[in-house]
Amino acid sequence: MGPHVPADPRRPVAFEAAGGDGPPARDAVPVVFYDTTLRDGAQQVGVSLSPADKLRVLQRLADFGLDYVEGGWPGSNPKDVEFFRQASRLPLGPTRLVAFGATRRAGAAAGDDPGLRALLEAGAPAVCVVGKSWGLHVREALRTTPDENLAMIVDTVRHLKAGGREVLYDAEHFFDGAAEDAGYALATVEAAAAAGADWIVLCDTNGGSLPAAIARWTERVALAVRTPIGIHTHDDGGLGVAGALAALEAGATQVQGTINGYGERCGNANLCSLLACVALKLRRPFRAAAHLPELTALSRFVSEVCNLPPAPGAPYVGRNAFAHKGGIHVSAILRNTATYEHVPPEAVGNSREVVVSELAGGSNLEYKFRDLGLDWVTPEGRRLVLARIKDLEFEGYQFEGAEASFELLARRVLHRLRPFFETVGYSVAVARRSGPAAEVEATVKVSVGGRVFHTAADGDGPVNALDRALRRALDDPYPEIRDMRLADYKVRVIDGREGTASRVRVLIGTDSPAGYWTTVGVSDNILDASWKALCDSFDFGLLRMRMGVGEAGGAEGAGSPRAESGPAGSEVEAGA
């Protein structure tokens, strides 16, 4: 838990728990949320979802409370056919599963179209079909006439309605089409509405329309048809969320997007941002509003399933969304968080972070020390820690992504941490003999309370061998390390002008039942940098486990080795 900070006086107490700027207006029209992560989002370069992956995401989106989830295009690939077969067994509650497809082919009957047949056979209660609104696409992509395109729209919607489905009509490239020929673009959505479509969704497929244009055309469509209107925007111009919000304010009541903004080219409108903006800015009601504090967890879950790293700068849900680095900023938020935060981070399940770096001031350290339970540190102590940080960052260290190394540094400078172990020495031998891979052996010698442990281990590489050898050395005095797992390893060249002699920064992420932490090491030698980060990782893990999570602050002599570590000066050979 972070330190207490004063409440934001701008937010009424009754609504503060929801994180909004005030209670929703009584006459506010509810917003319907439509997710297309499993179809549009899966078209992002680098994303490949198995049917099992899609089923996991579908269930999570349904549990979150989204109204519609588009599962895929069952007529395009066997994987989506299998997904829809299994999805019918999931307990989705009020969430409606949607199958996606396109209007019938030119010159063919809707009943004979294999794509429409696959849509109905998918068994989803709702279908979304995309049709052309732009003359350029009618001429060049479909290679048919404007009248035939209108007939394709009408026949398709009627056929799917006759099949008992809720039908959403996606007016592809609507805004580009309206700019070229407003009369024809409007005729396409009027045709879909007259045929019985349940929703008319205006699409900014190329992602280049300005919000003002989207608002203007949304208002015109709302006057032309009585069918509810949705909005589907892309982010090619960096305006996906802005365009969607403009449409909602102009009369649309459904908004489509993807979690984390995943999608083809520059992506779709980011549904995480839209959910937060609709709740906290527009203050419009929607079914999933009660789950808004789970938004950050949802974002990170989807990024994990898609095997993409979470974007640190993502609005609302990114790690940096509520991170403060400048000393003036931190000084202000210690007095009132509203000075540099537009909403409370807890409203979206995120957390405030104060970064310690060479740009930090005393306020940054004051906040961090409170967060670590080190409230007792004096201004002089903070000055000493800050001076040491600036010295190390000049050498190439960065503590912004290595909170564990920062805490260890502070405790060492303040003489409030006895080392769990001390390095006597280490060596790594790499030999190329027979076989496809090199043989690697690391030898480690460490001292624990005067008792020396000398071990060796093979590994898949030099760092893996060091990790194994150090674990063997510490296993007897500290059996807790068996629960620590090296989960991430990154190397960054600090300045590449020296070529292979360049200084490197190594970050090691460690996972355990006590949590996840990151440590850093810097050196001209990649193995030495790795060793420093590795030792910090074990030191911090032992500190956390032995003192208890969140309880280590200010403990004198925290981390002293167990009395039974062995007599001073003894040496243990623990494996070769």
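## The second largest pocket

In this predicted model, the lining of the second largest pocket is made up of 10 nonpolar, 9 polar and 10 charged residues. The pocket itself has a volume of about 590 Å³, and of the 29 residues that line it, Trp-73, Phe-100, Ala-102, Val-130 and Glu-172 are the closest to its centre.

Several elements contribute to this lining, and at least two residues come from each of the strands β3 (96–102), β4 (126–132) and β5 (166–172), as well as from helix α4 (114–121).

## An enclosed cavity

A search of the whole structure for cavities of 30 Å³ or more finds 1, and the space in the largest cavity comes to about 30 Å³. Its lining consists of Arg-471, Arg-485, Leu-486, Ile-508, Thr-510, Leu-534, Ser-537 and Phe-538, which by class are 4 nonpolar, 2 polar and 2 charged residues.

Which elements each supply at least two residues of the lining of the largest cavity? They are the strands β14 (485–493) and β15 (504–512), together with helix α18 (526–547), and α18 gives the largest share, with 3 residues.

## The chain as a whole

The chain has 576 residues, of which 53% are buried, and it contains 18 helices and 17 strands. When contacts between residues at least 6 apart in sequence are considered, 69% of them join residues that are at least 24 apart.

In soluble globular proteins, nonpolar side chains tend to be buried together. Here the largest nonpolar core holds 88 residues, and the members that touch the most others are Phe-33, Phe-174, Leu-202, Leu-274, Leu-275 and Leu-295. Helix α11 (residues 271–280) provides the largest share of this core, with 9 residues.

Leu-275 shows how parts of the chain that are apart in sequence meet, for once its neighbours within four places are left aside, Leu-275 is in contact with Phe-33, Phe-64, Leu-66, Phe-286, Leu-292 and Leu-295.

## A mostly covered helix

Helix α12 (residues 295–305) is mostly covered, with 8 of its 11 residues buried. These buried residues are Leu-295, Thr-296, Leu-298, Ser-299, Phe-301, Val-302, Ser-303 and Val-305, and what covers them includes helix α11 and also α2 (51–64).

Just after α12, the backbone at Asn-307 takes a positive phi of about 60°.

## Cysteines

How many disulfides does a search of the whole structure find? The search finds 0.

Are Cys-277 and Cys-306 buried or exposed? Cys-277 counts as buried because its relative accessibility is 11%, which is under the 20% cut-off. Cys-306, with a relative accessible area of 5%, is buried as well.

How values were computed:
Residues numbered from 1 in each chain as written. Predicted model: local features only at pLDDT ≥ 70, side-chain atom pairs only at ≥ 80, totals over all residues. Heavy atoms only, no water. Core = buried A, V, L, I, M, F, W, Y, C linked by side-chain atoms within 4.5 Å. Buried < 20%, exposed > 50% of the residue type's maximum accessible area, 1.4 Å probe, protein only. Helix = DSSP H or I, 4+ residues; strand = E, 2+ residues; numbered from the N terminus. Contact = heavy atoms within 4.5 Å. Disulfide = S-S within 2.5 Å. 1 Å grid on protein atoms, 1.4 Å probe; cavity = no way out; pocket = protein on both sides within 12 Å on 5 of 7 lines; lining within 4 Å. Points joined across faces, edges and corners; volume = space filled by probe spheres on them. Nonpolar A, V, L, I, M, F, W, Y, C, P; charged D, E, K, R; others polar.
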